[in-house]
Amino acid sequence: MGYSDQELERPIVGIINTFSGFNSCHHNFADLIEAVKRGVLSHGGLPIEFPTISLGEMFTAPTTMMFRNLMAMDTEEMIRAQPMDGVVLLGGCDKTVPAQLMGAVSADRPAICLVAGPMIAGDYQGQRLGACTDCRRFWGEYRAGRLNADEVAEIESRLCSSTGTCMVMGTASTMAALAEVLGLMLPGGAAIPAVMSERRRHAEATGRTIVSMIKNDLRPSKILTQQSFENAIRLLMAIGGSTNGVIHLTAIARRLGIKLKLTDFDQISDETPVIVNLKPSGEYYMEDLFKAGGIPVVMKALEDVLHRDAQTVLGSTIGENLSAVPHPAAWQDVIKPRTAPLFESGTLASLFGNLAPQGAVIKRSAASPDLLTHRGPAVVFKSLEDLHNRIDDPDLPVTPEHIIVLQNAGPIGGPGMPEAGYLPIPKKLLRAGVKDMVRISDARMSGTAFGTIVLHIAPEAAIGGPLALVEEGDLIELDVPNKRLELLVDDTVLAKRQEQLVLPEPHFQRGYGLLYTQHIEQAHLGCDFDFL
Ligand code: FES
Ligand code: MG
């Protein structure tokens, strides 16, 4: 390749390039890599770029979640297999950041995150548009007959107005923010829009920083502690972050032997108000958060409840980094004061009960307050296909009081735990003006979605979890204030149903799908493979 010995004696910085023509969010990587290389070279390192698989939400079937662990393995093994002293993890789209963190934590060479950055917001007739919270809203309007095909096509053409990741507080924004608070990304790096010159300067600084990290042997195992994860959970709640953050953080922590429980999330949730006013919980977009100072200012607002001595890629602590950061400015509305938050506390709640013995999750801040305590009869769909075939049937016996139940959409049943938990409201109810209903499943939900939606029910239906036992018309009780999800059916009846239960046929007989099915763990354990 033409490297002289003299060049190869410098610290070698691997840069993981997850550009892909099938990943719409990673199209600015050539620019970012050039900037990283400048930083690495100016600090005396030798940058060498290499590929791993790339996971784009839009064009990966059956679901990117099925391949997160594959990407984590690819990342870990390629960092370890190739002669590099440290690595820049260049990701962005939802599953890429957790996959890279899981892999990098296990490989344990000096590593730093750099993300694509969010898209800038689009607009339609004076309304701002963001993928994909506004897609869902307008798609609902279209299904209800209030928008025509041309109007919805025009909106669609403006939803993704630049390269970058979804610009609401979806999973990509959430995971970028968590990488930052974990101390694995330079301060401020999560919110800079993909297309701004500031992002290139940040990439350059990332290149300089990884060289220092190599010189100081600053590895993930020296940065991450239980406290780092508690900080991350705290931030997850304060930003109104994605429910997927629960699964990913759990998986990353378990790579270090730190066993986060759903109740840990719950406890911090209960004492942390949502202060970031971004969709889907609030009204703004990532570019607005950036202009308000980004995640460092959010952390500043939380400073007294964060573990200030947690370490960062800079070799300094979070407290030291925050000393120069201003408090949220009075003029802006994006980061609210804790005394006047967007949502009092508990954006995420974990639920337990006979329907979810290992737990389930609900995003309260994106739910309808009047449905948080609700008892109603179940309308049950056995699979995604069944849902698709019947949900809009005019004869479906369903009222706004019903609870829509989807079975067999978990890690094994989905397969891959698809983001199908945002179950559609039946067309006939939409037309009658119904905006929200209680919906429950073992699936996940896009971080950009909203509604009274219970997710991640564990154990899942496909392995015989109690969700599989729900039958049409059974009464279900959701009681979020008391963190309960109960199937109001007699134990003896349930025991009988369990005996007669026939599990669905496995999806895979060979290949990665078979490996996945044999080793995937349930949602409350982070959906990692049991051997990782
Ligand atoms: Fe990549 Fe939303 S599709 S972040
Ligand atoms: Mg998403």
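**Strand pairing, helix packing and backbone exceptions**

Author: In this predicted model, V380 stands opposite V405 in β10.

Reader: Which residue of β10 stands opposite V379?

Author: β9 (residues 373–381) and β10 (residues 403–406) pair in the parallel sense over four bridges. V380 faces V405 in that pairing. For V379, the residue opposite in β10 is I404.

Reader: In β11, what is the bridge partner of I404?

Author: β10 is also joined to strand β11 (residues 438–441), by four bridges, and the two run parallel. The bridge partner of I404 in β11 is R439.

Reader: Are the faces of β10 covered or uncovered?

Author: On one side of β10 sit I403 and V405, and on the other I404 and L406. A residue counts as buried if 20 or more other C-beta atoms lie within 10 Å of its own. These four residues of β10 are all buried, so both of its faces are covered.

Reader: Which residue of β13 is the bridge partner of H374?

Author: β9 is joined to strand β13 (residues 475–479) by five bridges, and these two strands run antiparallel. The bridge partner of H374 in β13 is L478.

Reader: In the open sheet of four strands, which strands stand at the edges?

Author: The order in that sheet is β2-β1-β3-β4, with parallel pairing. The strands at the edges each have a single partner strand, so one side of each is left without a neighbour in the sheet; they are β2 (46–51) and β4 (111–115).

Reader: What does the twist average from one strand to the next in that sheet?

Author: The sheet is open and its strands pair in parallel, in the order β2-β1-β3-β4. From one strand to the next, the twist averages 25°.

Reader: Which helix lies across β1, β2, β3 and β4?

Author: The helix in question covers residues 197–215. Its direction is at about 170° to β4, and the helix is α8.

Reader: At what angle do α10 and α11 pack, and are they roughly parallel or antiparallel?

Author: Helix α10 (residues 226–238) and helix α11 (residues 244–255) have axes 11 Å apart and an angle of about 175°. Angles over 145 degrees count as roughly antiparallel. That makes α10, relative to α11, roughly antiparallel.

Reader: How many nonpolar residues are in the contact of α10 with α11?

Author: From α10 come F229, A232, I233 and L236, which meet G245, L249 and A253 of α11. By class, one residue is polar and none is charged; the number of nonpolar residues is six.

Reader: What covers the buried residues of α12?

Author: In helix α12 (residues 262–270), the buried residues are L262, F265, D266, I268 and S269. Their cover includes α10, α11, β7 (348–353) and β8 (356–363).

Reader: Which residues make the contact between α4 and α7?

Author: Helix α4 (residues 96–107) and helix α7 (residues 171–181) pack at about 35°, with their axes 9 Å apart. The residues of the contact are six nonpolar, no polar and no charged. They are V97, P98 and L101 of α4 and M175, A176 and A179 of α7.

Reader: Which residues touch the most other members of the largest nonpolar core?

Author: That core holds 172 residues. Leaving aside neighbours within four places in sequence, V276 is in contact with M169, A238, I239, G240, L289, V298, V334 and I335. The residues touching the most other members are V88, I112, V276 and V298.

Reader: Is D108 buried, partly exposed or exposed?

Author: D108 lies in the loop between α4 and β4. Its phi is near 50°, a positive value in a residue other than glycine. Because D108 has 16 C-beta neighbours inside 10 Å, it counts as partly exposed.

Reader: Is M417 buried or exposed?

Author: M417 is in the loop between β10 and α17 (427–431), and its phi is near 45°, also positive in a residue other than glycine. With 30 C-beta neighbours inside 10 Å, M417 counts as buried.

Reader: What is omega for the cis peptide bond from G414 to P415?

Author: P415 is found in the loop between β10 and α17. The bond from G414 to P415 is cis, with omega near -10°.

Conventions
Residues numbered from 1 in each chain as written. Chains lettered and ligands numbered in written order. Predicted model: local features only at pLDDT ≥ 70, side-chain atom pairs only at ≥ 80, totals over all residues. Core = buried A, V, L, I, M, F, W, Y, C linked by C-beta atoms within 7 Å. Buried ≥ 20, exposed ≤ 12 C-beta atoms within 10 Å, placed from the backbone. Contact = placed C-beta atoms within 7 Å. Axes fitted to C-alpha atoms, helices over the stretch in contact; angles between N-to-C directions. Parallel < 35°, antiparallel > 145°, perpendicular 65-115°, else oblique. Nonpolar A, V, L, I, M, F, W, Y, C, P; charged D, E, K, R; others polar. Pairing = 2+ DSSP bridges.
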